[in-house]
Structures are given as C-alpha cells and as structure tokens.
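Here are my notes for you to read next to the model. Have the viewer open as you go through them.

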Amino acid sequence: MNRKIIITDTAVREKDVRLACLVSESRLLEVRCERSDAESILGNIYVGRVQKIVKSIRAAFIEIAPGKACYYPLKENSAPVFVKKIPSPGLVQGDELLVQVQKEDVKTKAPTVTTNLNLTGRYVVLTSENKKIGFSSKLGKEQKEHLRNLVEKCYEEDFGLILRTNAGNASEDEVVSEIRWLSSRMSGMISKADMRTCFSCIYQASPKYMSYLQNSYQEGLSEIVTDLPEVFSEMKEYCRQYPALEQIPLRLYEDKLLPLSKLYNLERQMERALAKNVWLKSGGYLVIEPTEAMTVIDVNTGKSVAKKDPRRHFLEINLEAAEEIACQLRLRNISGIIIIDFIDLDSEKDRRTVMQRLRSSVKGDSVPVQVLDMTKLNLVEVTRKKIEKTLSEQLG
C-alpha cells in the first residue's frame with residue numbers, strides 16, 4: 001500500500017487549520033488537525049491543584065489553570081508526584097501534584113488527567129506509576145520475548161515501560177538508547193517539579209504533526225511531504241534520530257502554482273469527512289449521526305437496485321458498508337459507543353459474514369476498536385477508545 005504523510009496549512013469551513021494526514025492512493029485515511037486559534041493540551045504535564053474531592057463518584061477535580069478543572073479518578077492515586085502536600089494520609093483539597101492530560105474535553109465532559117505520567121518515544125512509552133513491562137498487542141511472541149530479555153538486562157530505573165510496535169523492527173541499540181534518554185528526561189522533570197509554581201506546564205507534548213510521525217509505522221510509508229519550511233526542518237531533525245525514518249523520503253513541496261492541499265484535494269475530502277451522509281459505490285449510503293451518548297450509523301440501500309437475488313444484493317451492500325464504516329471511524333476519529341444498523345439479513349450465515357468483514361476491517365485502525373456483537377434487533381455494537389476529539393470537534 002502506497003501511503004504518505006501530508007502536513008500543510010489550509011482552511012476548512014472558514015477556519016485556518018494545520019492538517020497532518022495519512023493518505024493512501026490520494027484518499028484520506030487519518031487526519032489530525034490543529035486550529036491556529038486553539039492549542040491542544042493533550043499529553044501536557046502540569047503542576048495541578050486539587051479543587052475538590054467528590055467521594056460519591058470516587059473522583060477529584062484538579063485545576064491545571066485558573067478555572068480549568070480536570071476529572072481525576074481516585075483509583076489512580078497510587079504514587080503521585082506531589083509538589084505541595086497538605087498533611088493528610090490521602091489526597092485532599094489544596095494538594096499540588098503533577099498530572100498529565102490523558103483525554104481532551106469532549107462535549108460537556110471535562111478533560112481527564114492522570115498521575116501516571118508517561119513520555120512517549122518511537123519505540124517505548126515510559127510510565128511513572130505503572131512499573132511493569134508491557135508490550136504492544138501487535139508484537140509477535142518471539143519479539144516480545146526478545147525485547148523483555150533486552151530490557152531486563154539493560155534497564156534498572158524505577159519506571160515502567162511499554163514496548164511499542166515499532167520496537168519490533170528496531171535495533172537493540174536504538175531501543176536501549178531511547179529508553180535511557182526518556183528515563184533521564186523523566187527523572188529530571190520529577191526532580192525539578194518542586195521548584196515550579198502551581199499551574200506551570202512542565203512538559204508540552206509534541207505538535208500533532210510530530211506525534212503523527214512518531215506513531216507511524218514505516219512499513220508501506222513511501223513519503224513524508226510538507227510545504228511548510230519550519231515543519232520540514234523540524235521533521236528532518238527528528239528523522240535523523242531514527243535510521244528507519246531516514247530511509248523514508250522527506251520532501252519540501254515548493255510548487256507555488258498548485259498548493260499541496262489542492263494537489264491532494266484535501267479541502268473537498270475534509271468536507272466529505274464532516275458530512276452526515278457517505279455514499280457507497282453500490283449506490284447505498286451511510287447516515288452517521290453523533291449524539292451525546294453514542295454515535296449511530298444507519299446503512300441504507302439508497303439508489304442501489306437489486307437485479308436478481310435480493311439476499312445476495314443486500315449482503316454485498318452490507319459488506320461494502322462494513323469496510324467503509326471502519327474507514328469512517330478512523331477518518332472522523334469517532335470514539336466511545338457506536339451502534340450500527342445494517343440492512344436486515346435473514347440468513348445467520350450472512351450475518352456472520354458481515355460481522356467477520358467488520359472485525360477484519362477495523363484491525364488497521366491505530367486506535368483500539370472492539371466489535372462486540374449483534375443484538376436481537378440486528379444492531380451491531382462497537383466501541384472505540386476515546387483519546388482525542390472527533391474531527392468535527394477538533395475544528396470546533
């Protein structure tokens with residue numbers, strides 16, 4: 001698969017945004033965007049202050065800025081890094097501690113923070129509270145065993161590690177070097193925390209376009225293209241640190257007559273990614289309806305006409321819809337609970353075929369997706385992990 005990462009500035013719905021896109025054969029697979037007038041706080045680490053404890057929901061609300069309170073589950077209170085501790089055995093109002101934004105605010109929900117601080121590299125995630133060694137589910141058994149032996153031999157710091165998918169194809173020296181660099185950074189940040197004032201941001205996460213590169217897999221990635229000189233320089237410097245990334249061509253697009261966004265038709269594709277209806281090649285279409293509690297997706301026959309066998313015809317529309325739904329969940333960054341209403345099928349075999357197609361289609365998603373089951377009303381339940389805002393919410 002010929003995939004590219006495209007980074008450019010453009011306008012979507014009259015808003016100036018910076019887009020980081022994963023494109024395959026000129027079609028958008030994933031998009032992360034940052035508005036020029038809105039800064040993301042996801043991944044940032046702050047000196048927060050406990051605003052209040054709400055025992056009924058086993059949570060605290062921690063301010064990371066005046067009036068900016070974040071949700072914090074008390075069950076995570078295992079080993080916080082306190083900057084200022086009021087004498088008390090537990091977490092109390094007025095305590096100051098290091099917290100990291102784990103989830104952005106979504107609709108009416110406040111951002112979620114954690115005291116399990118993490119620093120993410122290309123091969124490893126370093127964690128402050130969870131001291132275990134974990135592995136990406138996409139790593140094979142032999143890869144996990146090899147990496148475990150490597151880590152246990154060379155690593156003695158009091159932090160946890162999660163070995164990412166990219167670690168499976170990296171050299172031992174690359175993995176060890178990144179672990180030591182992240183450990184030094186985490187230790188330095190924690191040791192200097194008590195010198196910082198309340199609400200200080202002591203660690204700022206990489207821009208979305210950089211984290212996009214950091215999280216990408218080099219397999220099938222043919223090129224990284226940007227028309228922004230400052231981004232090109234930043235990415236070139238980052239790629240120098242990783243031999244695998246240096247093998248991927250990094251290009252500064254300089255054609256003044258045809259903007260990069262026009263070359264890949266990004267504005268048009270973004271408009272389609274924000275539309276309510278999605279047309280299928282068969283003539284059927286999807287209706288995607290986000291609500292407060294969940295996202296509902298309805299599959300319709302539309303302009304599609306059965307020529308001979310209606311049963312086979314409806315099955316083919318549902319199979320096409322299953323593939324397109326997986327693409328739309330990833331493209332629109334839809335998360336939480338998703339309910340899909342496929343066209344009714346009488347055959348149990350056909351229903352199983354549609355479920356198998358949906359499960360195989362969501363495997364390429366970089367965010368964990370679970371296809372649960374089909375209800376008695378023939379509705380399919382899906383969950384997708386909430387991390388960032390949906391594409392629509394990112395645009396505000």
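1. Ground rules. This is a predicted model, with local features needing pLDDT of at least 70 and side-chain atom pairs counting only at pLDDT 80 or more, while totals for chains, interfaces and linings use all residues. Numbering starts from 1 along each chain as its sequence is written, and side-chain values use heavy atoms, with hydrogens and water left out.

2. The sheet. Start with the open sheet of 4 strands, in the order E10-E11-E13-E12 and with mixed pairing. Strands (E, at least two residues) and helices (H or I, at least four) are DSSP runs numbered from the N terminus, and two strands pair if DSSP finds at least two bridges between them. Strands E10 (118-120) and E12 (133-135) are the edges; each has a single partner strand, so one side of each lacks a neighbour in the sheet. From one strand to the next, the twist averages 15°.

3. How the strands pair. E10 and E11 run antiparallel, joined by 3 bridges, and form a hairpin with 3 residues between them. Thr120 sits opposite Val125 in E11. E11 (residues 124-127) also runs antiparallel to E13, with 4 bridges; here Val124 has Leu163 as its bridge partner, and Val125 has Ile162. E12 and E13 (residues 160-163) pair in the parallel sense over 3 bridges, with Phe135 opposite Leu163 and Ile133 partnered by Leu161.

4. What covers the sheet? Helix H1 (residues 141-154) packs on it, touching E12 and E13, and its direction makes about 155° with that of E12. Angles run from 0 to 180 degrees between N-to-C directions, and axes are lines fitted to C-alpha atoms, for helices over the stretch in contact. As for E11, Val124 and Leu126 point one way and Val125 and Thr127 the other, and all are buried (under 20% relative accessible area, 1.4 Å probe, protein chains only).

5. The cores. A nonpolar core here is a set of buried Ala, Val, Leu, Ile, Met, Phe, Trp, Tyr and Cys residues joined through side-chain atoms within 4.5 Å. The largest has 49 residues, of which Leu98, Leu163 and Val175 touch the most other members. Helix H2 (residues 172-191) gives this core its largest share, 6 residues. A second, separate core has 29 residues, among them Ala321, Ala322, Ile334 and Met355.

6. Look at Leu163. Setting aside neighbours within four places in sequence, its contacts include Tyr123, Val124, Ile133, Phe135, Leu147, Val151 and Val175 (contact: heavy atoms within 4.5 Å).

7. H8 and H9. Helix H8 (residues 310-332) packs on helix H9 (residues 348-361) at an angle of about 20°, with the axes 8 Å apart. That makes the two roughly parallel (angles under 35 degrees). Their crossing is right-handed, meaning that the near helix is turned clockwise from the far one by less than a right angle. Contact residues include Leu315, Leu319 and Ala322 of H8 and Val354, Arg357 and Leu358 of H9.

8. H3 and H4. Helix H3 (residues 208-215) and helix H4 (residues 229-240) pack at about 30°, with axes 11 Å apart, and are therefore roughly parallel to each other. H3 passes H4 in a right-handed crossing. The contact is made by Tyr209, Met210, Leu213 and Gln214 of H3 and Val231, Glu234, Met235, Tyr238 and Cys239 of H4.

Key. Buried < 20%, exposed > 50% of the residue type's maximum accessible area, 1.4 Å probe, protein only. Parallel < 35°, antiparallel > 145°, perpendicular 65-115°, else oblique.
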